[in-house]
Amino acid sequence: KFNVVTQGLRQPGSTIKPISYAVALKKGYTASTVLMDVDTKYPSGDPKKPEYNPKNYDLKYRGPMQLRYALGNSINTIAVKVSALVGVRDILRTAYDMGITSLEPNDENIKRIGLSLTLGGGEVTLLDITGAFGVFGTGGLKQDTKALLKVEDAKGKILFEQLPTSPKRVLSEEVSFIISNILSDNGARKDVFGERSYLYIADKTVAVKTG
């Protein structure tokens, strides 16, 4: 009675980070842009609330890092810094365009989620987040999710066939390629995950993300 794939809102963790970095690439940042992985505090906007102080998973700081290695190693401090630089609203808008319906770029979500968005602070469904990652795989095109393509009876008569729909471009081919390239670069994540982690698939080129 409850479909966790389409109805279950769960925090996606770091799987949202590639979308934040995609927005940065759209705004002129590059995979070689350097930002500082250092302890950083952000004002909450409310004097009664503490500052936002994101930490890395391993509680370490690595100093200057190119965005390629920051995304590959899933560095929290730089992901939040990227979000602050490009704007939460634009990340929400891109995520929404990529098919994550729960992340509508409205004032309520901006206030509720804030900079924690890129660390998974906004809830999503499994179907929406996997559909959004499909945009990276199709070179920036958003395809409608379809459960069934065609139904035939025992005699081969077509009872139902899904009509083709036109995909919508939501990212450029260049941005999609760079994000996919980073996520498939085993060397870009070795500092945190090592060279032979579960993310490494021998003899295959696979874009992967923890979260």
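Aspartate 90 is partly exposed, with 24% of its relative accessible area open; here buried means under 20% relative accessible area, exposed over 50%, and partly exposed in between (1.4 Å probe, protein chains only). This is a predicted model, in which local features need pLDDT of at least 70 and side-chain atom pairs count only at pLDDT 80 or more, while totals for chains, interfaces and linings use all residues. Residues are numbered from 1 along each chain as its sequence is written, and side-chain values use heavy atoms, with hydrogens and water left out.

**Salt bridges**

Let us stay with aspartate 90 for a moment. Its side chain meets that of lysine 27 in a salt bridge of 2.5 Å, N to O. The term stands for a side-chain nitrogen of Lys or Arg within 4 Å of a carboxyl oxygen of Asp or Glu. Aspartate 90 sits in helix 4 and lysine 27 in the loop between helix 1 and strand 1 (34–37), so the pair ties together parts that are 63 residues apart in sequence. Helices (H or I, at least four residues) and strands (E, at least two) are DSSP runs, numbered from the N terminus.

How many salt bridges does a search of the whole structure find? There are 10. The table sets out three of these pairs.

| Pair | N to O distance | Relative accessible area |
|---|---|---|
| Aspartate 90 and lysine 27 | 2.5 Å | Aspartate 90: 24%; lysine 27: 43% |
| Aspartate 58 and arginine 62 | 2.4 Å | Aspartate 58: 27%; arginine 62: 26% |
| Arginine 112 and glutamate 123 | 3.0 Å | Arginine 112: 45%; glutamate 123: 24% |

Arginine 112 belongs to helix 5 (residues 107–113) and glutamate 123 to the loop between helix 5 and helix 6, 11 residues apart.

**Helix 6**

Next comes helix 6 (residues 126–137). With 12 residues at 1.5 Å a residue, this helix should span 16 Å, and its end C-alpha atoms lie 17 Å apart, which agrees. The expected span is 1.5 Å times one less than the number of residues. Which residues of helix 6 are buried? They are Asp128, Ile129, Ala132, Val135 and Phe136. Seen down the helix axis, the buried residues fall within an arc of 105 degrees, so they line one face of helix 6; the arc is that of the directions from the helix axis to the C-beta atoms. An α-helix has 3.6 residues a turn, so residues three or four places apart point the same way. Their cover includes helix 1 (17–26), strand 3 (141–142) and helix 7 (173–183). After helix 6 comes glycine 139, with a positive phi near 75 degrees.

**The nonpolar core**

A nonpolar core is a set of buried Ala, Val, Leu, Ile, Met, Phe, Trp, Tyr and Cys residues joined through side-chain atoms within 4.5 Å. The largest one has 38 residues, of which Ile19, Tyr21, Ile78, Ile100, Leu103 and Ile179 touch the most other members. Helix 1 gives the most to this core, with 6 residues. Beyond residues up to four places away in sequence, isoleucine 78 touches Tyr21, Leu35, Met36, Asp37, Met65, Leu67 and Ala70, where contact means heavy atoms within 4.5 Å.

**Arginine 68**

Finally, look at arginine 68 in helix 2. Is this residue buried or exposed? Arginine 68 is buried, with a relative accessible area of 17%. Leaving aside neighbours within four places in sequence, arginine 68 is in contact with Ala31, Asn181, Ile182, Asp185 and Ala188.
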